[in-house]
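User: I want to learn how to read a structure feature by feature. Can you take me through one, starting with strand pairing?

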Amino acid sequence: DTRRLTERRDTVLGASYRLFYRNPVHLVRGEGQYLWDASGRKYLDAYNNVASLGHCHPAVTAAVTAQMQQLNTHTRYLHENILNYTDDLLSTMPAELNKAMYMCTGSEANDLAIRVAKAYSGGEGIIATTEAYHGTSELTSGISPALGTGQPLAPTARLVEAPDAYRLGSTAGADGSELGTWFANRIRAAIADMEAHGIRFAGFIADSIFSSDGVLPGPAGYLREAAEVIHRAGGIIIADEVQPGFGRTGDAFWGFQRHGIVPDVVTLGKPMGNGIPVSGLVAKADVLAAFSDTIPYFNTFGGNPVSMAAAQAVLSTIRAEGLQEHSRVVGGSLLDALRGLGDTHESVGDVRGAGLFIGFELVKDRTTREPHRELALAVLEQLRERGVLTSVAGPHGNVLKLRPPLAFQPGDIDWLVGALDDSLTALYA
Ligand code: PMP
């Protein structure tokens, strides 16, 4: 049956859109942190930060249904939902971040952020990280070397390595500098290289917790020194919160708050509508004005009454259910349990993360830290056999990305960690 569906898919759908797993999972239902396939088999979702409150959360379903029954329309008319939601959203941010705009996908949010950076700086050079993924549009895929978008890097872009404390820890300090200084030096060099090629610097964009770069939390405060360099050079800082945002890191509502800086532009997506397509951009008023005072922007579905109702239900539920604190506590226990696997499995190189956003790095040798990509891929398949769904990240494809819905409970730790333990044992048996 899976084969028949896969064949139908291959016949009628564009081939670029690849599925996870050799034998794809055919899902029919979701609830909380669990998913069910067509044969009735239950899975633990350890991957999905879109259904951040949990799959089919009743608060979102109710809000969307009620609004859909009353009114949904494009965004050329006055409607209160967008204003009420914006007040609530901005109240979660530092006061300087006081203007919002809405669209439907993370790609659109980042695309607009880049346009804002260009308008504000008068430049065109964007700095991103070497394994970044920021979207599918022409502008964003030009700064997204990860996931093989097939798009060449934009000639005006420069890439810097994300600060990987595990891999750089020993060498980054070799010249006496801490990772923050190490990173600021990389930014300085990238700007100098742009200038040498006649490219004016416009801004820096990065995940607030690096995801495709290998689930790297970024050492505390690592951006502080770089932020000064960026601002002095006339560029802006864009924090891509598509993955870490909305309380996932546990210790903060927004990932950038962990780095001790206030970005100029923040982009939002994935968990924002718990599955309803809605994304956003929040910016400092003067930065946004450089774009929005002169350039019209219209997005048919961006900020429509139903999207805003979903987004409002998400914010309200995070508060009502205490999900940020929950993520901190249960994420901490999960991190500890995963680290415990290192006692029995030599291939566990590093386990890191914040809240329910965890990277589990597999290596061939703990001393050389040589990445073990084949093992990570085999573990993914083994986990699937044990009902746990997740994915891999990082330049070497050897980091398991554990990023479950925030509905993940302490009781799920046994399933996840037990399945990982058994998978590693099976692969080394
Ligand atoms: N930024 C990051 C960090 C992402 O992970 C993604 C999606 N994987 C995007 C942007 C693009 O979002 P979308 O797929 O909604 O366009």
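User: In which sense do strand β3 and β14 pair, and over how many bridges?

Analyst: Keep in mind that this is a predicted model. For pairing, read the direction and then the bridges. Strand β3, residues 42–45, pairs with β14 in the parallel sense, over two bridges.

User: What should I expect of side chains along a strand?

Analyst: In a regular strand they alternate between the two faces of the sheet.

User: How do β4 and strand β10 pair?

Analyst: In the antiparallel sense, over six bridges, with β10 covering residues 279–284. Leu97 has Lys284 of β10 as its bridge partner. β4 spans residues 97–103 and is mostly covered, with five of its seven residues buried.

User: Let's go to the whole chain. How many helices and strands does the secondary structure of the chain have?

Analyst: The chain has 13 helices and 16 strands. Next, compare the radius of gyration with the globule rule. The chain has 21 Å, close to the 22 Å the rule gives for 429 residues, so it is as compact as a globular protein of that length. The C-alpha trace spans about 65 × 60 × 45 Å along its principal axes.

User: What share of the residues in the chain is buried?

Analyst: Buried residues are 52% of the 429. Of the contacts in the chain with a separation of 6 or more, 75% join residues 24 or more positions apart.

User: Which domains does the domain assignment of the chain give?

Analyst: Domain 1 is 14–56 + 323–428, and domain 2 is 58–320. Their C-alpha centres lie 25 Å apart. The contact takes 28 residues from domain 1 and 30 residues from domain 2.

User: Which elements each supply at least two residues of the side of domain 1 that touches domain 2?

Analyst: They are α11 (323–340), β11 (348–354), β12 (357–365) and β16 (399–402). Of the elements on that side, α11 gives the most, with five residues. By class, the side of domain 1 that touches domain 2 has 13 nonpolar, nine polar and six charged residues.

User: Now single residues. Is Ala51 buried or exposed?

Analyst: Count the C-beta neighbours. Ala51 has 25 inside 10 Å, so Ala51 counts as buried. It sits in the loop between β3 and α2 (58–70). Leaving aside neighbours within four places in sequence, Ala51 is in contact with Gly30, Asn274, Gly275 and Pro405.

User: And where does Gly123 lie?

Analyst: Gly123 is in the loop between α4 and β5 (125–129). It is buried, because 21 other C-beta atoms lie within 10 Å. Beyond its neighbours within four places in sequence, Gly123 has contacts including Lys118, Arg200 and Phe201. Gly123 and Ala157 are 34 residues apart along the chain, and their C-alpha atoms are separated by 11 Å.

User: What is phi in Val215?

Analyst: Positive, about 50°, although Val215 is not a glycine. Val215 lies in the loop between β7 (201–207) and α8 (223–232). With 29 C-beta neighbours inside 10 Å, Val215 counts as buried.

User: What about phi of Arg369?

Analyst: Phi is near 60° there, a positive value in a residue other than glycine. Arg369 is in the loop between β12 and β13 (370–371). It is partly exposed, with 16 other C-beta atoms within 10 Å.

User: Last, the ligand. How many residues surround it?

Analyst: The shell has 14 residues, and the closest are Thr105, Gly106, Ser107, Gly135 and Val242. Helix α4 (residues 106–121) gives the largest share, three residues. By class, the shell has two nonpolar, 10 polar and two charged residues.

Conventions
Residues numbered from 1 in each chain as written. Predicted model: local features only at pLDDT ≥ 70, side-chain atom pairs only at ≥ 80, totals over all residues. Near = placed C-beta within 6 Å. Helix = DSSP H or I, 4+ residues; strand = E, 2+ residues; numbered from the N terminus. Nonpolar A, V, L, I, M, F, W, Y, C, P; charged D, E, K, R; others polar. Rg over C-alpha atoms; globule rule 2.2 N^0.38 Å. Buried ≥ 20, exposed ≤ 12 C-beta atoms within 10 Å, placed from the backbone. Contact = placed C-beta atoms within 7 Å. Domains from an automatic or database assignment. Pairing = 2+ DSSP bridges.
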